[in-house]
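Please look through the sequence and the three-dimensional structure shown here; the paragraphs after them lead from the whole chain to a few of its elements.

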Amino acid sequence: MIFMKKEKRNSQSDIMESIISLCKRRGFIYQGSEIYGGLAGTWDYGPYGLALKNNIKNLWWKRFVDDRDDMYGMDAAILMNQKAWQASGHVGGFSDPLVECSKCKHRFREDQLESQQQRSDPKTGGPKVRSLSCPDCGGALGPARQFNMMFKTTVGAVESEDSISYLRPETAQGMFVNFKNIIDSFHPKLPFGMAQIGKAFRNEIAPRDFLFRAREFEQMEVEYFIRPEEWEKQFDIWEKIRMDWCLEIGLPKDKIHIREHAKEELSHYSKRTTDIEFDYPFGQKELYGLAYRTDFDLKAHSSTSGVDLSYFDEETKERFIPHVIEPSVGVDRTVLAVLSSAYVEDEMGGEKRIYLKFAPAIAPVKVAVFPLLKNKPELVKKAREIYALLKKEFNSSTSLGAGAVEFDDNGNIGKRYRRQDEIGTPYCVTIDFDTLEKGAGVTVRDRDSGKQERVGEGELVKYISGKIG
Ligand SMILES: [Zn+2]
């Protein structure tokens, strides 16, 4: 890693480059199909990225499903009957304006070019209306045409109109089509929600900004069913839940902005939407959406399928189609927001360093254990014992990816700290000669301050639990 001089290092795109490079170097995230030159808009998660992502997903599931009594988890199939996408409006309307350069034939999203070229007008410093030109060669752009963003495929051996299916562009519809199943199996009372984590796919015209706009991504969505007259109250409740979530995963409050959608930009199904926008290194852009979808989806599926998707209220003896509030969370955008707000360059002991200031709850590795020296068997033996003890205690709390506890005896201690700092490990435990000879416990080093504390062996588990929560 080359450190540039301070005055050169304040460019935000430099920071994005540094984050992408750290992600690759340390095994978080790789370009998809990299050895073949990549596949635009796809990213592969390595062990630490996977652990970070799983920690975020597990925490979301805990807060939005397990901790509550009114949620029903789902894992619906990605492929759905094409009629579901006709009913939802995606076959007819899920499209972006595509423009093609007449000279170099490159393709762009017209709306993105508009905001880009207006924003960067150097003469006025402000928005300016002018005709759009190709950002790659300056050539003239052809007329815009609507491009449907769903990935189309066929199901089964015979290709025909009837065999068309799509890779789902959102997880929401998999829940709406199961609404009646949940009602019939569980007889829930309003308000209640369905929740799902899963992959979604959008054939973006111009994937960009690392994980921000990818063609394959993951969503965590809740469809919260309510009585129509309660929608404003419920909307406010979900805005609060969403903000608490942002703070719990360590996003700084001053980088979070709530943006109300104007009437003309609302999706076809929504009466009110507020986004949480986040200050990414490439600018303030959408992170999460919260939409009041009314009864649009259930009504549409009900009339297209011919199946009654109404709800009967036993107390009031009313039958009606519930309305829906939808808090929608992109997993990969969360990973990107977390990574970019955790990324810190500072100086420690007269040397430059990089570290990821993850909230301990989502850090891929919580504790690393080192013997001070690799070539002293008695140190290594003791360190292995402590490693086994911590692993037993903390590993069960995470899932696949990387273990929550790591053992490292490579290189010198400074090198190990540097590596753990770069993957965002909050605590490092070192076993030295005082541990063995004087029973003086171990040293625990804090990632953010670099300070070391001696902690008795017997207190170590309790000490670390107290720190990482
Ligand atoms: Zn061009």
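The protein has 14 helices and 23 strands, where helices (H or I, at least four residues) and strands (E, at least two) are DSSP runs numbered from the N terminus. This is a predicted model, in which local features need pLDDT of at least 70 and side-chain atom pairs count only at pLDDT 80 or more, while totals for chains, interfaces and linings use all residues. Residues are numbered from 1 along each chain as its sequence is written.

Taken along the principal axes, the C-alpha atoms fill a box of roughly 80 × 65 × 50 Å. Of the 469 residues, 33% are buried; a residue is called buried if 20 or more other C-beta atoms lie within 10 Å of its own, exposed if 12 or fewer do, and partly exposed in between, with C-beta atoms placed from the backbone. Two residues are in contact if their C-beta atoms, placed in that way, lie within 7 Å, and among contacts with a separation of 6 or more, 65% join residues 24 or more positions apart.

The buried residues of H11 are Leu 379, Ala 383, Ile 386, Tyr 387 and Leu 390. They lie on the same side of H11, because they cover an arc of only 110° around the axis, the arc being that of the directions from the helix axis to the C-beta atoms. On the other side of H11, Pro 377, Lys 381 and Lys 392 are exposed. The partners against which the buried residues of H11 pack include strand S19 (367-371), strand S21 (427-431) and helix H14 (460-468).

Strand S19 is itself largely enclosed by the rest of the structure, because five of its five residues are buried. Both of its faces are covered, with Val 367, Val 369 and Pro 371 on one side and Ala 368 and Phe 370 on the other. Strands pair if DSSP finds at least two bridges between them; S19 runs parallel to S20, joined by three bridges, and Val 367 has Val 405 as its bridge partner in S20. S19 also pairs with S21 in the parallel sense, over five bridges, and there Phe 370 has Thr 430 as its bridge partner.

Elsewhere, Tyr 30 lies in strand S1 (residues 29-31) and is partly exposed, with 16 other C-beta atoms within 10 Å. Leaving aside residues up to four places away in sequence, Tyr 30 touches Lys 24, Asp 44 and Gly 46.
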